[in-house]
Amino acid sequence: MIETLVRKKQRASKIFSLLKRKYPYSKYHLYYTSPHELLVANILSDHCTRERVNTVAKKLFNKYHSSIDFAYCNLDSLAEDIRSTGNQNNKAKKIKKACYIIVEKYNGVVPCSIDDLLGLPGVGKETAKCIMGEIYNVPTILIDSHMVRIMKLLGFTRSNDPKKIETEIIDTFEKKIWMKLSYLINDHGTAVCVDRKPHCKACVINKLCPSSYV
Ligand code: SF4
């Protein structure tokens, strides 16, 4: 049976409430304490687990206290400091260059526009959106692999195209909850609706999910 948009929105709202109750402390999953640190953490996260990034980031930000420290650091030392996240030489170059541009072109302030952010080395669309949402409170939806997988399982999209998925989520979920939804789906995808074998029996939204095996 085809689900009307009204029904779909009602289901989406219930799913959000249940997930919010299940993960009351849900927040952005990478460690940072300032805008440039969020940018650095995102660069480190390329092909690396959140646990590893967060372990490395905590130490790193104790050593490099500002974007100036990164901008004028010794590249080899920085690469060594982030070695365990993989692809360290490339990541170190991107971090140093991005921070250099922030210092020299933007007076040390991480830019507040998607276009300017995309001009920084190592910053792709999702990182730019993340900074806009986390730092500048611009409502945005982060499309990571958990979001793609779970939105399909929940029947809110059939697409694999991030742009299309984003549009469908925008049409279905209230704007004010977009960022929170992104964190909740990330937590749910890590804890319960895992990639290989979702734990549907333990899932708080299984009665609202068309893919549930329960
Ligand atoms: S019911 Fe199963 S497939 Fe659906 S969201 Fe929950 S864990 Fe994922």
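This is a predicted model: local features need pLDDT of at least 70, side-chain atom pairs count only at pLDDT 80 or more; totals for chains, interfaces and linings use all residues.
The phi of Asn137 is near 55°, a positive value in a residue other than glycine. Most residues other than glycine have a negative phi.

His47 is another residue that has a positive phi, of about 55°, although it is not a glycine. His47 is found in the loop between H2 and helix H3 (50-63), and with 9 other C-beta atoms within 10 Å it is exposed.

The loop between H8 and H9 also holds Val138, which is partly exposed because 15 other C-beta atoms lie within 10 Å, a count that falls between the limits of 12 or fewer for exposed and 20 or more for buried. Leaving aside neighbours within four places in sequence, Val138 is in contact with Met132 and Gly133.

## Domains and the nonpolar core

The domain assignment of the protein chain gives domain 1 (5-27 + 141-208) and domain 2 (35-134), and the centres of domain 1 and domain 2, taken over C-alpha atoms, are separated by 28 Å.

The largest nonpolar core has 50 residues, and those with the most contacts inside it are Leu39, Leu44 and Ile95. Helix H2 (residues 35-44) supplies the largest share of this core, six residues, while at least three residues are drawn from each of domain 1 and domain 2. When its neighbours within four places in sequence are left aside, Leu39 is in contact with Ala98, Val110, Val123, Thr127 and Ile131.

In H8, the buried residues are Thr127, Ala128, Lys129, Cys130, Ile131 and Glu134. These buried residues of H8 pack against H2 and helix H7 (114-118); in keeping with this, Thr127 and Ile131 are among the contacts of Leu39.

Asn90 lies in helix H6 (residues 88-105) and, with 14 C-beta neighbours inside 10 Å, counts as partly exposed. Although Asn90 and Gly122 are 32 residues apart along the chain, their C-alpha atoms are separated by 9.2 Å.

## Helix H10 and its two faces

In helix H10 (residues 162-172), Ile165, Glu166 and Ile169 are buried. They cover an arc of only 100° around the axis, which puts them on the same side of H10. An α-helix has 3.6 residues a turn, so residues three or four places apart point the same way.

What covers the buried residues of H10 includes helix H9 (145-153), whereas the face of H10 turned away from its buried side carries the exposed residues Lys163 and Asp171.

## Leu19 in helix H1

Leu19 lies in helix H1 (residues 5-22), and because 21 other C-beta atoms are found within 10 Å, Leu19 is buried. Leaving aside neighbours within four places in sequence, Leu19 is in contact with Leu184, His188 and Ile205. By contrast, Leu19 and Ile68, which are 49 residues apart in sequence, are 40 Å apart in space, C-alpha to C-alpha.

## Cys209 and the ligand

Of the 14 residues around the ligand, Cys193, Pro198, Cys200, Cys203 and Cys209 come nearest. Sorted by class, the shell around the ligand has ten nonpolar, four polar and no charged residues.

One of these nearest residues, Cys209, has its place in the segment after helix H11 (178-191), and with 19 C-beta neighbours inside 10 Å it counts as partly exposed. Not counting residues up to four places away in sequence, Cys209 touches Leu153 and Leu154. Cys209 and Ile15 are 194 residues apart in sequence, yet they are 8.9 Å apart in space, C-alpha to C-alpha.

Methods:
Residues are numbered from 1 along each chain as its sequence is written. Helices (H or I, at least four residues) and strands (E, at least two) are DSSP runs, numbered from the N terminus. The arc is that of the directions from the helix axis to the C-beta atoms. Two residues are in contact if their C-beta atoms, placed from the backbone, lie within 7 Å. A residue is near a molecule or strand if its C-beta atom, placed from the backbone, lies within 6 Å of it. Ala, Val, Leu, Ile, Met, Phe, Trp, Tyr, Cys and Pro count as nonpolar, Asp, Glu, Lys and Arg as charged, and the others, Gly among them, as polar. Domain bounds come from an automatic or database domain assignment. A nonpolar core is a set of buried Ala, Val, Leu, Ile, Met, Phe, Trp, Tyr and Cys residues joined through C-beta atoms within 7 Å.
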